[in-house]
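Subject: Structure handover

Hello,

Here is the structure you asked to take over. My notes on it follow below.

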Amino acid sequence: MLTPSGQVLEIRNARIVDPLHADNGRQTSLFVREGKFIDPPKSPGITGHTIDLDGALALAGGIDIHTHIGGGKVNLSRMLMEEVFERSERVVWPTVETGAMYSRMGYTMCFEPAMLLSGARHTHMELADTPYLDSGAYVVLGNEDWMLEALAGGADDHLLQAMVAWSMAASQATAVKVVNPGGISAFKFNQRALDVDERHPKFGVTPRDIIRRLTAAIDELAIPHPLHVHAGNLGAAGNIAATLQTLEAAEGRRIHLTHAQFNSYSDLGPFGMGSGAEQLAKYVNDHPNVTVDVGQVIFGRTVTISADTAAQYGNRKHASPARWFVNDTECQAGCGVVPIRYQSKQYVHSLQWTIGLELMLLIEDPWRVFLTTDHPNGGPFTCYPHLIRLLMDRSFRQSMLDTLDPRAAERSALRDIQREYTLDEIAIATRAAPARVLGLKQRGTLQSGAIADLAAYDQRKDWEATFSAARCVLKGGVEVVRNGITLDGALAVCQTHRTEVDWDAAQIERFRPAVEQTLRMPLESLQISNGEFSEMIQVRRSR
Amino acid sequence: MCPLQPAETQAKLATADNAVAAWSAFAARCERRTQWLQATRSSLDALSTLQPSSPELIVAPESADRASSAQAAPAGPPADSLCDRAAQRLEELVHDSDGRLLLWIDGADVATMRAAVEFAKRSRATLHVGNAMGAHVVRRVMASDGWLGASLAEVATHADLVITLGNHTLYHTPMLAERFLQRCRTGMGLRWWHIGEDASPPVLKSMTGELRPERILCWPRSEWYNRLTELQLAGDAMDPISAEVDPLWIALAGSQYAVWIWENGQLTSSLDELLVRRLLSIARLQSQTSRCGLLNIDAQLGQLTAGEVLQWLTGCGSTAVWAGHAWNSPERYRYLSLQGWRDHFSRIVVLRSTPALGSPPELQADLSILCATDARLHTRPNLTHLVPVAAAGVDYAAHLFRGDGGTMLRLGPTRPTNALPTAADIMLATIRRLSSRPATGAPTC
């Protein structure tokens, strides 16, 4: 239902779940005008339209900080879904379905974490065609030939900052991500692994160098979101040591470790693999500069998609069904797609499942740990309600633990963890904290002045049922979901969020030759101008 | 010179300056590019000679005066009237088809494809990205076996051995060497070998001396599969390697990053599919000790784009039909011949928003929406209705994937805006017309 411009929408009987809101925990009314929450109007009877939530839980719209929903890899996995998977098993959907499914769950904003410079238009096009969601994307840096060459040549901070800023501006990105720093490039020179202090076979830089320089550049450029790090040695037994070294490489600067579960393995246990979650959790607890998202594994069939071709090439032997894709892409990164089935009776998969939950429960500050499955790598985003139940309901968690491979279950710290997430902590982990770490001041909260993204849930028999389908979802103050069904004809304006960065454009001539010589095209052809972005991508209307 | 650039890069930059000059000279001599430009001019001239009362054209009578200059597109009738008439005709076809309308996409930019998908959803038409047999071969191999690939910049920068397969690559991607194989000049670290049926393909005569394959393996087409199989087995075989294959085996054994390249139109049959599987096996074997990838290039502008957009919007790669709640790709459309397509549908619309040299397939279409730059526009006797539209990337700025899929670019416009509607305009106008009608009947599947 559209409220004519200027009129006020009243949302009655909302039970507020927002730790930032003054009425948190209480049942009250919320008011919306022109797409934003406002203070209660002084004049009674001013409202143009009313939605009665009948005491439903009212949270801000969900924000998924890391989900693969747009771009070349995603489209390749869609092809795989179509050709190989039964419809009921598909976990990567067309863009319209993706948006609708997220919306029905109460999510209003999602971020694609792996956008290559050369693939930026494709990524933004797919995000633009994903309705009901605001979106953004992180540009992948740290494996481009020109940047590695510059680092090897002792590039000064101004040059590096210019490279980072230009990449963000050209690709209209929200933030910067590094994937297996230097490792993807090393694989192109036939080096199959690159440890944190190991030198690149051609350029001679180490992953530590790359992390150190990029975190410094991002801080200097005042980019709100820290360097979003997909650490090297992903999935390798004993990788926890390298993971901690990766975090150390930031030298105290802000750093975000993504899908941390995949980088939290000790070398103690059956098959030389055990949980390193306690080590990582302790590190995060002791270092306030670190944030993580979990990358929880959910049992069942899924597909792993990643720019980390080195890791994906290594994963090829686990492909189920047995086909895999690895593609080197434009001297920037790669594209690896490997289908997989996570099985509860398989030790390593069970271990992965326990590690993700251990991280969520052992990291004390809910503002620094985010709920993700690294969709679809750990599992589809549609499993978030299941994951929420695991976090909030210890008895359910224990019952699930009993279904695992016993070797993983008996070794897991989960048996002894009493903690249950509260509603407030769920709201933080899925709304307020992602908004904060991304620098989205008007999101993740129901406070006055915030964008009116709201998700209301009727409390049902368990938390999974509760969060599976929203009673009502507002996107910018427009109702897009009612009683779990997306509304046809809802006209909600969706935006693609990008971060504007101040930088010295004169520096561009210092790296232009290297980029153009590598990609064999003018620099300008890579740049998505604000005009192009505004016309075709930025403002989109949901159905 | 940037003081921070290592010496190697400085050498590369100097070479790049020479390459730009060489590229320009080559482009002027490129037979295919010249052919395209001539065809474009002749089609524009031909469009201007068409009689306004011609039954083939949906144009207003006042369109008699048209610009024939190659620099400006034909002015055409006012866009609104042409667009409206085309939309009216398309709406009639939807109504007449009784749910059996085929929208055959022969090439499209992103905007056109988005509109086409929306139209297909509204009208329940079956949407098919056609004429892409080579892409379908690769897709089938990917789906059953997977893939190991590389993009063009990787070839330009990292590869030390490129093997082009078939003359399609030479004829249909004429800029490949000049833009991406510069390092095959002596001493720059890239070897370029070519497998073809001619020892000296005419197209190579237009290439500069340094930018041509180091070696051409003249293999009969019928022998490609056998020889590639021999190549794959060469490491393990007890039998001696044949003289035809041995040099290639040695070259591969010594490479650190090899890439096999072909143009999609080169490998289109079911037998070719076996050959592509063989290439994948070779690449996988090679990747155990070094790096190796495959690169199939789609030279027909808009083919790849149409397929990618269809995939992300519908989840279907080549054929999609809206079933009321989801998109389906019916199995019965998988391997249809042209006659099969004609038989399955009562009304057929062909759409191509991207310029091309070749004609769309002979589908006896009830409506053809084609670029005004289409060289064959004026020579199709079987067209009952033809709508000339603005060309993507030429008459208006359009988003298109590069033929290797490595990037999406915004191309054009290359000449002043003309009055022709775009294919997307017509789709959207038809949707508006259909929206004012009751919804069409039962789903087609």
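In which helix of chain A is A:Thr518 found? The residue sits in helix H17 of chain A. Helices here are DSSP runs of H or I with at least four residues, strands are runs of E with at least two, and both are numbered from the N terminus.

Some ground rules before the rest. This is a predicted model, in which local features need pLDDT of at least 70 and side-chain atom pairs count only at pLDDT 80 or more, while totals for chains, interfaces and linings use all residues. Residues are numbered from 1 along each chain as its sequence is written, chains are lettered from A and ligands numbered from 1 in the order in which they are written, and side-chain values use heavy atoms, with hydrogens and water left out.

**Around A:Thr518**

A:Thr518 counts as buried because its relative accessibility is 7%. The cut-offs are under 20% relative accessible area for buried, over 50% for exposed and partly exposed in between, with a 1.4 Å probe and protein chains only. A polar atom of the A:Thr518 side chain lies 2.8 Å from the backbone oxygen of A:Ala514. Neighbours within four places in sequence aside, A:Thr518 is in contact with A:Asp145, A:Trp146, A:Cys331, B:Ala153 and B:Thr157. Contact means heavy atoms within 4.5 Å.

**Where chain A meets chain B**

Chain A puts 55 residues into the contact, and chain B puts in 63 residues. The buried area between them is about 5000 Å², and carbon and sulfur atoms give 48% of that. Buried area is the accessible area (1.4 Å probe) that two parts lose on being put together, summed over both. In chain A, the most area is lost to chain B by A:Glu82, A:Asp328 and A:Arg520, together 13% of what that side buries.

There are 40 residue pairs in polar contact between chain A and chain B, both residues at pLDDT 80 or more. A polar contact is a pair of N or O atoms within 3.5 Å; within protein, one must be able to donate a hydrogen and the other to accept it, and residues adjacent in sequence count only if both atoms are side-chain atoms.

Several elements of chain A each supply at least two residues to the side that touches chain B, among them helix H3 (120-128), helix H4 (145-152) and helix H17 (508-519). H1(A) gives the largest share, 7 residues. By type, that side of chain A divides into 22 nonpolar, 12 polar and 21 charged residues. Ala, Val, Leu, Ile, Met, Phe, Trp, Tyr, Cys and Pro count as nonpolar, Asp, Glu, Lys and Arg as charged, and the others, Gly among them, as polar.

**Strands across the chains**

E16(A) is joined to strand E3 (residues 146-150) of chain B by 5 bridges, and the two run parallel. Two strands pair if DSSP finds at least two bridges between them. A:Trp324 has B:Gly146 as its bridge partner. A:Asn327 has B:Gly149.

E3(B) is largely enclosed by the rest of the structure, because 5 of its 5 residues are buried. B:Gly146, B:Leu148 and B:Ala150 point one way, while B:Trp147 and B:Gly149 point the other way. In a regular strand the side chains alternate between the two faces of the sheet.

**Salt bridges**

The count over all chains is 49 salt bridges. Across the interface of chain A and chain B there are 7. The rule asks for a side-chain nitrogen of Lys or Arg within 4 Å of a carboxyl oxygen of Asp or Glu.

A:Glu330 and B:Arg402 form one, at 2.8 Å from N to O. A:Glu330 lies in a loop of chain A and B:Arg402 in a loop of chain B, so the pair joins two chains. A:Glu330 is buried at 0% relative accessibility. B:Arg402 is buried too, at 11%.

A:Glu83 and B:Arg139 also meet at 2.8 Å, N to O. Salt bridges that share partners join A:Glu82, A:Glu83, B:Arg139, B:Glu331 and B:Arg334 into one network.

**A sheet in chain A**

In chain A, 8 strands form an open sheet with parallel pairing, in the order E6-E7-E8-E9-E10-E11-E14-E18. Strand E6 (62-64) and strand E18 (369-370) are the edges, each pairing on one side only. Inside that order, 3 bridges join E10 to E11 of chain A. A:Leu227 stands opposite A:Ile255 there.

Best wishes
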